[in-house]
Amino acid sequence: MPSRTIPGRTGHPRPLRLLGDPVLAAPCREVTSFDGELSRLIEDMFATMYAARGVGLAANQIGVPLRVFVYDCPDDEDRRHLGHLVNPHLAGTDGPVIRGPEGCLSLPGIEAGTPRHDEAVVEGVDRTGAPVRVTGTGFFARCLQHECDHLEGGLYVDRLTGLRRRRALRAAARAPWAKEAAGAC
């Protein structure tokens, strides 16, 4: 059986940016250099995502305002999807809009029912600049949409309204990490 490199094996976990950090609220820049520095960033992102027990991570969540995200996420049939996208854009969504549980490594411990399309297509390139098209359904589609939102300066709580939004933001304000996040801004 051929040996496969485990993403993040050579990376180093970096500190996560939390709700309130300005880097999370600004759109990310396009990647223009496909070099060793980009590969190291992707490895660090995988290492950070795994250390935090997440299923996806955008570069701005570790303070790097570039259009890159990584994922290791199951779909609703429990098929594993593993990869990264550079300069991704949401090429399309389809299917019913489903309100499902969603959390975020930048709002640890807080989850809310968030509306997302049940199908998503994201296009971008890999770390070498080769074109990539990723299609997801169910939970994986939710992950793809979530990470694309990050790269535009959005968080899942921005998609919430009314009582759901107030509850999520109140929980964030009371969270043990809230004072740390406020001090970082």
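Reader: How many bridges pair strand 1 with strand 2?
Author: This is a predicted model, in which local features need pLDDT of at least 70, side-chain atom pairs count only at pLDDT 80 or more, and totals for chains, interfaces and linings use all residues. Residues are numbered from 1 along each chain as its sequence is written, and side-chain values use heavy atoms, without hydrogens and water. Helices (H or I, at least four residues) and strands (E, at least two) are DSSP runs numbered from the N terminus, and two strands pair if DSSP finds at least two bridges between them. Strand 1 and strand 2 run antiparallel, and the number of bridges between them is 3.

Reader: Which residue of strand 2 is the bridge partner of Gly 56?
Author: Strand 1 covers 56-58, and strand 2 covers residues 68-74. Looking across from Gly 56 into strand 2, you meet its bridge partner, Tyr 71.

Reader: How many of the residues of strand 2 are buried?
Author: Buried means under 20% relative accessible area, exposed over 50%, and partly exposed in between, with a 1.4 Å probe and protein chains only. Strand 2 is largely enclosed by the rest of the structure, because its buried residues number 6 of the 7.

Reader: Which residue in the turn between strand 2 and strand 3 has a positive phi?
Author: The two strands form a hairpin, with 5 residues between them. Most residues other than glycine have a negative phi. In this turn, a residue other than glycine has a positive value near 65°, and that residue is Asp 78.

Reader: Is Asp 78 buried or exposed?
Author: Asp 78 sits in the loop between strand 2 and strand 3. Its relative accessible area is 64%, so Asp 78 counts as exposed.

Reader: What is the relative accessible area of Asn 87?
Author: Asn 87 belongs to strand 3. Although Asn 87 is not a glycine, its phi is positive, at about 50°. Asn 87 counts as buried because its relative accessible area is 15%.

Reader: Over how many bridges do strand 3 and strand 4 pair?
Author: Strand 4 takes in residues 111-125 and is antiparallel to strand 3. You can find one facing couple by looking for Asp 94, which stands opposite Glu 119 in strand 4. The count of bridges for this pair of strands is 13.

Reader: Which residue of strand 5 does Val 122 stand opposite?
Author: Strand 5 spans 131-137. Strand 4 and strand 5 run antiparallel, joined by 7 bridges. The residue that Val 122 faces in strand 5 is Val 134.

Reader: What is the phi of Gly 129, in the turn between strand 4 and strand 5?
Author: These two strands form a hairpin, and 5 residues lie between them. Gly 129 is in that turn, and its positive phi is about 95°.

Reader: How far apart are the end C-alpha atoms of helix 1?
Author: Helix 1 takes in residues 36-51, which makes 16 residues. The expected span of a helix is 1.5 Å times one less than its number of residues. For helix 1 that gives 22 Å, which agrees with the distance between its end C-alpha atoms, 22 Å.

Reader: Which strands do the buried residues of helix 1 pack against?
Author: The buried residues of helix 1 include Leu 38, Leu 41, Ile 42, Phe 46 and Met 49. Contact means heavy atoms within 4.5 Å. The packing partners of these buried residues are strand 1, strand 2 and strand 3.

Reader: Which residues does Arg 127 touch?
Author: Arg 127 lies in the loop between strand 4 and strand 5. Arg 127 counts as partly exposed because its relative accessibility is 23%. Leaving out residues up to four places away in sequence, Arg 127 touches Phe 34, Leu 38, Ser 39, Ile 42, Glu 43, His 84 and Val 86.

Reader: How far apart in space are Arg 127 and Asp 94?
Author: Asp 94 is the residue that faces Glu 119 of strand 4. In sequence, Arg 127 and Asp 94 are 33 residues apart. In space, taken from C-alpha to C-alpha, their separation is 27 Å.
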